[in-house]
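Please look over the chain below.

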Amino acid sequence: QVQLVESGGGLVQPGGSLRLSCAASITGFSIYTMGWYRQAPGKQRELVATIAAGGSTNYADSVKGRFTISRDNAKNTVYLQMNSLKPEDTAVYYCNAQLPVRSYWGQGTQVTVSS
């Protein structure tokens, strides 16, 4: 069974920071690519960042230099450190696990950037 539980979302002022966590219940967590995606109202779900088993990362251009994805394999947890937040970062953020047959998604956590 695969379960992903996001936490850490909330209301933040522009320029502020937030750290999202995704607790993963996955056997073999350390070998899978994990990611963060987001979806704003009326928009498609989009890639934010991914991190592979070996630690390589990939970021959307819109967040590059501001967001950092990391993982703690001992805790089966993936993080998204978000700095210099902008109103356009407002969205529901979803954790994703890329397993061989399919991907799994968490329920999402709301991030609102507003003054």
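## The loop residue Asn76

Where is Asn76 found? Asn76 sits in the loop between strand 7 and strand 8. The model is a predicted one. Strands 7 and 8 form a hairpin with four residues between them. Within this hairpin, Asn76 takes a positive phi near 50 degrees. That is a positive value in a residue other than glycine.

Beyond its neighbours up to four places away in sequence, Asn76 touches Cys22, Ala23, Ala24, Ile26 and Phe29. Leu4 is 72 residues away from Asn76 along the chain. The C-alpha atoms of these two residues are separated by 10.0 Å.

Ser84 belongs to the loop between strand 8 and strand 9. Its relative accessibility is 41%, so Ser84 counts as partly exposed.

## Strand pairing around strand 3

Strand 3 pairs with strand 1 and with strand 8. Strand 1 covers residues 3-7 and runs antiparallel to strand 3, joined by five bridges. In this pairing, Val5 stands opposite Ala23. Strand 3 and strand 8 are antiparallel too, with six bridges. Here Cys22 faces Val78 across the pair.

Ser21 lies in strand 3. With a relative accessibility of 18%, Ser21 counts as buried. Which residues is Ser21 in contact with, leaving aside its neighbours within four places in sequence? They are Val5, Glu6, Ser7, Trp36, Thr77, Val78 and Tyr79.

## Strand 7 and its two faces

Strand 7 runs antiparallel to strand 8, and six bridges join them. Ile69 stands opposite Leu80 of strand 8.

In a regular strand, side chains alternate between the two faces of the sheet.

## The nonpolar core

In soluble globular proteins, nonpolar side chains tend to be buried together. The largest nonpolar core in this model holds 31 residues. Which of them touch the most other members? They are Ile26, Met34, Trp36, Leu80, Met82 and Tyr93. Two or more core residues come from each of strand 3 (18-25), strand 4 (33-39), strand 5 (46-51), strand 7 (67-72), strand 8 (77-82), strand 9 (91-98) and strand 11 (109-113).

Take Leu80 as an example. Not counting residues up to four places away in sequence, Leu80 touches Leu18, Arg19, Leu20, Trp36, Val48, Ala49, Phe67, Thr68, Ile69 and Tyr93. Among these, Trp36 and Tyr93 are on the list of core residues with the most contacts to other members.

## The disulfide

How many disulfides does a search of the whole structure find? The search finds one. Cys22 and Cys95 form it, with their sulfur atoms 2.0 Å apart. The link is left-handed, at -85 degrees about the S-S bond. Cys22 lies in strand 3 and Cys95 in strand 9, 73 residues apart, and the pair links these distant parts of the chain. Both Cys22 and Cys95 are buried.

## Rings and charges

The count of aromatic pairs comes to one. Its rings belong to Tyr37 and Trp105. The centres are 5.0 Å apart and the planes stand at 70 degrees, so the pair is edge-to-face; an angle over 60 degrees is what that class requires. Tyr37 lies in strand 4 and Trp105 in strand 10 (residues 103-105), so the pair ties together parts that are 68 residues apart in sequence. Tyr37 is buried, with a relative accessible area of 17%. Trp105 counts as partly exposed, at 35% relative accessibility.

Two arginines lie over ring faces. Arg19 is placed over the face of Tyr79, at 3.9 Å from the ring centre. Arg71 is placed over the face of Phe29, at 4.6 Å from the ring centre.

Definitions and conventions: Residues are numbered from 1 along each chain as its sequence is written. This is a predicted model: local features need pLDDT of at least 70, side-chain atom pairs count only at pLDDT 80 or more; totals for chains, interfaces and linings use all residues. Side-chain values use heavy atoms; hydrogens and water are left out. A nonpolar core is a set of buried Ala, Val, Leu, Ile, Met, Phe, Trp, Tyr and Cys residues joined through side-chain atoms within 4.5 Å. Buried means under 20% relative accessible area, exposed over 50%, partly exposed in between (1.4 Å probe, protein chains only). Contact means heavy atoms within 4.5 Å. Two strands pair if DSSP finds at least two bridges between them. Rings of Phe, Tyr and Trp (its six-membered ring) pair if their centres lie within 6.5 Å; planes under 30 degrees apart count as stacked, over 60 as edge-to-face and the rest as tilted. A charge sits over a ring if NZ of Lys or CZ of Arg is within 6 Å of the ring centre and within 35 degrees of the ring normal. A disulfide is a pair of cysteine sulfur atoms within 2.5 Å.
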